[in-house]
Amino acid sequence: MNILEIIEAKKRGRELSAGQIEYVVNGFTSDAFADYQMSAFLMAVWFRGMTPEETSSLTGAMLHSGEELDTSGMSGPTADKHSTGGVGDKVSLLLAPLAAACGLKVPMLSGRGLGHTGGTLDKLEAVPGYRIHMDNDEFLALTEKTGCAIIGQSGSIAPADGRIYAMRDVTATVDCVPLITASIMSKKLAAGPGTIIIDLKTGSGAFMDDLTRARELAAALVAVGKLYGRRMSVVFSDMDQPLGVAVGHSNETIEAFAALRPDGRRSAPEDLVALTEDLVAEMVRVAGLEPDRPSALTRVREAWDSGRAFDFLLAWIKAQDGVIDPDREDFGLKVAPLALELEAPNDAWLSKINCRQVGLSLADLGGARLQYDDPLDLTAGIEFLPKIGDKLNRGDILAKIYCTNKSKAQAASDRILSAVTFSSEAAPANALILDRME
Ligand code: URA
């Protein structure tokens, strides 16, 4: 077997064996062949695609490149959620303790944001003292004790994915369903959850902007998960507008923590509440704690309204050495001062948002990365107030911008204004949950 023959076979559209795919993954991670050969292989996959069997073999080879966590000794069913990423998506910060309060064990490995999408790990770094790195034994022990733990992916989990992703990033081969599937699932499977719920986002602020391609990715994720013995379910959710109000790091973390207070289901942004309770109810149902969606939702709402979920949140943050003050509205997290308020220019309905541009406006403030090693201002943020379908009057506040630098705030404000479309006629609101698959 050699790499040239394998590239040639894929270029001609032939199906590769599990052994050939393992050879590629192991060879690349051990520097047995050159980067340019891997880039040719990835481009051949981009054009020719992969069969479900090949995608599963690729996932397996990447999964087995590192350690797999053993969650079999946990005292409750294990479950995790993966979001394909968006703007204002702070759901994991509420979902993990809420699911734990419902009786699940939630070991979560999270990532950083890049470009217009935010990352859970960066948001958690806004919490003073919060420890995002620990060894696997401590991670599992913490999950068992507090019901959930969220850490960064260490180099020992699916290390092949890290190298292959970096290569895809510079060879225009990121947007390829089998490669995305193997990348996501190798990491998710490694953390060992029995149930995996995918929040597949579509719209102008998502990775996949149309539902057809999103369905293709969902089908591939479900097929691989089931092949590895996991219970899978996909919720397709709208990402044509920011989720909740806050976009940033400190401010999103505050919004998420505040939403989990006992009265949060009534006071927090409706879309954030609706999506969070839907996803947690799916975790509860699919993991087998409740027989159907209505009973799962009842369990979730009871855990939320009783304050038990908020207690789980406090215990989890403390266990990971984070310091927050639950008596303060801002939990003691730092947010930059209000620099600018953007007003609606006319009386009109908000009909469309280029949500990717709203995410990129955070980069204008220094609060998002365009390159992996860009420094982040965790205190910078935006509050994007209206939703699609809302009627605004001239002078109503469209967005508030928090930043220490006025010219950066102006750049972000200009970008947001060019990202929104108004209509003189009533515009329909967007549905939040677009479809399901399992
Ligand atoms: N997220 C991942 O982890 N990998 C991809 O390839 C795309 C999104």
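**Ground rules.** I number residues from 1 along each chain as its sequence is written, and my side-chain values use heavy atoms, with hydrogens and water left out. Because the model is predicted, local features need pLDDT of at least 70 and side-chain atom pairs count only at pLDDT 80 or more, while totals for chains, interfaces and linings use all residues.

**Ligand shell.** I looked up what surrounds the ligand and found Tyr-165, Arg-168, Ile-180, Ser-183, Ile-184, Lys-187 and Phe-207 (near means a heavy atom of the residue within 4 Å). By class I get 4 nonpolar, 1 polar and 2 charged residues. In this scheme Ala, Val, Leu, Ile, Met, Phe, Trp, Tyr, Cys and Pro are nonpolar, Asp, Glu, Lys and Arg are charged, and the others, Gly among them, are polar. Helices α8 (159-169) and α9 (177-190) each supply at least two shell residues, and α9 gives the largest share, 4 residues. Helices here are DSSP runs of H or I with at least four residues, strands are E runs of at least two, and both are numbered from the N terminus.

**Ligand distances.** I then checked the N and O atoms. A side-chain N or O atom of Arg-168 is 2.9 Å from a ligand oxygen. For Ser-183, a side-chain N or O atom is 2.6 Å from a ligand nitrogen. Lys-187 places a polar side-chain atom 2.4 Å from a ligand oxygen. Alone, the ligand exposes 240 Å², and the protein buries 86% of that (Shrake-Rupley, 1.4 Å probe).

**Domains.** The domain assignment, automatic or from a database, gives me domain 1 (3-49), domain 2 (79-319) and domain 3 (338-423). The C-alpha centres of domain 2 and domain 3 lie 25 Å apart. Their contact (heavy atoms within 4.5 Å) takes 28 residues from domain 2 and 26 residues from domain 3.

I also noted that domain 2 and domain 3 bury about 2100 Å² between them, 59% of it on carbon and sulfur atoms. That buried area is the accessible area (1.4 Å probe) lost on putting the two parts together, summed over both.

**Arg-261.** I found Arg-261 in the loop between α11 (250-259) and α12 (264-267). Leaving aside neighbours within four places in sequence, Arg-261 contacts Trp-304, Phe-310, Pro-326, Arg-328, Glu-329 and Phe-331.

Note on methods
A polar contact is a pair of N or O atoms within 3.5 Å; within protein, one must be able to donate a hydrogen and the other to accept it, and residues adjacent in sequence count only if both atoms are side-chain atoms.
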